[in-house]
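Open the model in your viewer and keep the selection panel at hand. The stops below say what to select and what is there.

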Amino acid sequence: MVRQMKTSQLEIVAESQVDFPKPLDLFADAERCANVAVLECRDNLDFLRGQPGEKFKLVVTSPPYNIGKAYESRSPLDSYLESQAQVIRECVRVLHPQGSICWQVGNYTENGAIVPLDCLLFPIFRELGLQLRNRIVWHFGHGLHCRNRLSGRYETINWWTKSDDYTWHLDPIRVPSKYPGKRHFKGPRKGELSGNPKGKNPSDVWAFPNVKNNHPEKTIHPCQFPIELVERLVLALTDEQDDVLDPYVGVGSTVVAALMHKRNGYGCDIIEEYIDIARDRISDFLAGRLKTRPMGKPVYDPSLPNGGH
Ligand SMILES: C[S@@+](CC[C@H](N)C(=O)[O-])C[C@H]1O[C@@H](n2cnc3c(N)ncnc32)[C@H](O)[C@@H]1O
């Protein structure tokens with residue numbers, strides 16, 4: 001069954017076996033959002049095939065890693081890669097000519113040996129004609145403690161573009177310079193500030209806490225994106241009113257990040273409970289009560305007073 005609720009501010013689309021009696025305050029605060037949010041409980045290939053070509057300025061997602069999480073079943077690596085190829089092919093079709101795909105992955109593991117998924121996915125994107133702009137290392141502090149190898153504390157966000165003419169904004173994602181008052185001490189620019197007063201390029205190594213139990217955004221989802229991570233991609237790779245898609249949307253972090261910055265957010269997931277939570281999070285965001293970790297908040301550092309906060 002397809003239920004659709006529509007106002008000029010927000011559209012929610014959901015396909016489900018059950019009704020969705022949702023709070024009316026979903027649309028309460030028109031000032032907070034003049035954009036569209038589309039969520040469907042549906043397989044992503046079906047969802048993608050229903051979308052027009054070249055629509056989305058940004059596809060940002062984290063697929064299952066084929067490691068047996070609650071929302072996936074493990075399959076032979078070849079068939080996993082073939083199913084990823086099918087979804088990626090559709091994502092490229094719906095990608096705007098100036099658009100970007102950010103595919104966030106970690107490792108598949110086999111008898112204690114790791115297989116970095118981005119290495120295996122690289123040829124799929126290349127054969128589809130995409131260019132890799134950055135392989136961003138996302139470093140986080142929490143995870144399993146390994147006994148026979150070093151504990152894994154990073155995953156990668158592989159930023160691909162469809163053409164050389166891609167949407168890219170550095171200023172909104174600059175971070176504070178290490179020495180903001182530093183000046184040239186000789187030469188024609190002596191005395192002038194040596195760095196950009198707006199801050200520095202955040203580089204391709206990003207430190208954001210992963211969403212574990214004490215994170216303000218934690219839901220029942222075992223692997224949700226920190227919203228601040230998606231915000232950085234949205235701000236750098238899209239303009240206001242652009243369309244942003246997450247084909248493995250989980251509890252809707254990408255859609256929330258898109259709405260926060262006046263973009264349209266689209267997503268699908270096969271698990272109804274996650275879509276329900278995504279809808280509730282959007283509702284909470286629109287009502288001004290969604291708790292998020294603010295962009296730019298320093299990572300907790302136990303060696304500093306109050307953890308540096
Ligand atoms: C790593 S999680 C993504 C979580 C998401 N980034 C968030 O912040 O909540 C992968 C998601 O893909 C969903 N999924 C798996 N196979 C799918 C499919 N064929 N179509 C749509 N979603 C799928 C799972 O239910 C799971 O929620």
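## Stop one: H2 and H3

Select helix H2 (residues 77-94) together with helix H3 (residues 117-127): they pack at an angle of about 40°, and their axes are 10 Å apart. That angle makes H2 oblique to H3. The crossing of these two helices, H2 and H3, is right-handed. To see the contact itself, show the side chains of Leu-81, Gln-84, Ala-85 and Ile-88 in H2, and of Leu-120, Leu-121, Ile-124 and Phe-125 in H3. Coloured by class, the contact of H2 with H3 shows seven nonpolar residues, one polar residue and no charged ones.

## Stepping back: the whole chain

Zoom out before going on. This is a predicted model. Its chain has six helices and twelve strands. Of the 309 residues in the chain, 33% are buried. Among contacts between residues at least 6 apart in sequence, 67% join residues at least 24 apart.

## Stop two: H4 and H5

Now select helix H4 (residues 227-237) and helix H5 (residues 253-260), which pack at an angle of about 50° with their axes 9 Å apart. H4 and H5 are therefore oblique to each other, and their crossing is right-handed. Which residues of H4 meet H5? On the H4 side, pick Ile-227, Val-230, Glu-231 and Val-234; on the H5 side, pick Ser-253, Thr-254, Val-256, Ala-257, Ala-258 and Met-260. Sorted by class, the contact of H4 with H5 has seven nonpolar, two polar and one charged residues.

Stay on H4. Is this helix mostly covered or mostly uncovered? H4 is mostly covered, with nine of its eleven residues buried. The buried residues are Ile-227, Glu-228, Leu-229, Val-230, Glu-231, Arg-232, Leu-233, Val-234 and Leu-237.

## Stop three: the ligand

Select the ligand and the residues around it. How many residues surround the ligand? There are 19, and the closest are Tyr-71, Gln-224, Tyr-248, Gly-250 and Ser-253. Ser-253 is also one of the H5 residues that meet H4. By class, the shell around the ligand divides into ten nonpolar, six polar and three charged residues.

## Stop four: Gln-98

Go to strand E5 (residues 95-105) and pick Gln-98 in that strand. Gln-98 has 19 other C-beta atoms within 10 Å, so this residue is partly exposed. Leaving out residues up to four places away in sequence, Gln-98 touches Lys-57, Ser-163, Asp-165, Tyr-166 and Thr-167. Then draw a distance from Gln-98 to Trp-168, C-alpha to C-alpha: the two residues are 70 apart in sequence and 9.2 Å apart in space.

## Stop five: Ser-151

Is Ser-151 buried or exposed? Ser-151 counts as exposed because 10 C-beta neighbours lie inside 10 Å. Apart from neighbours within four places in sequence, Ser-151 is in contact with Gly-143, Leu-144, His-145 and Cys-146.

How values were computed:
Residues are numbered from 1 along each chain as its sequence is written. This is a predicted model: local features need pLDDT of at least 70, side-chain atom pairs count only at pLDDT 80 or more; totals for chains, interfaces and linings use all residues. A residue is near a molecule or strand if its C-beta atom, placed from the backbone, lies within 6 Å of it. Ala, Val, Leu, Ile, Met, Phe, Trp, Tyr, Cys and Pro count as nonpolar, Asp, Glu, Lys and Arg as charged, and the others, Gly among them, as polar. Axes are lines fitted to C-alpha atoms, for helices over the stretch in contact, and angles run from 0 to 180 degrees between N-to-C directions. Helices (H or I, at least four residues) and strands (E, at least two) are DSSP runs, numbered from the N terminus. Angles under 35 degrees count as roughly parallel, over 145 as roughly antiparallel, 65 to 115 as roughly perpendicular and the rest as oblique. A crossing is left-handed if the near helix is turned anticlockwise from the far one by less than a right angle, and right-handed if clockwise. Two residues are in contact if their C-beta atoms, placed from the backbone, lie within 7 Å. A residue is buried if 20 or more other C-beta atoms lie within 10 Å of its own, exposed if 12 or fewer, and partly exposed in between; C-beta atoms are placed from the backbone.
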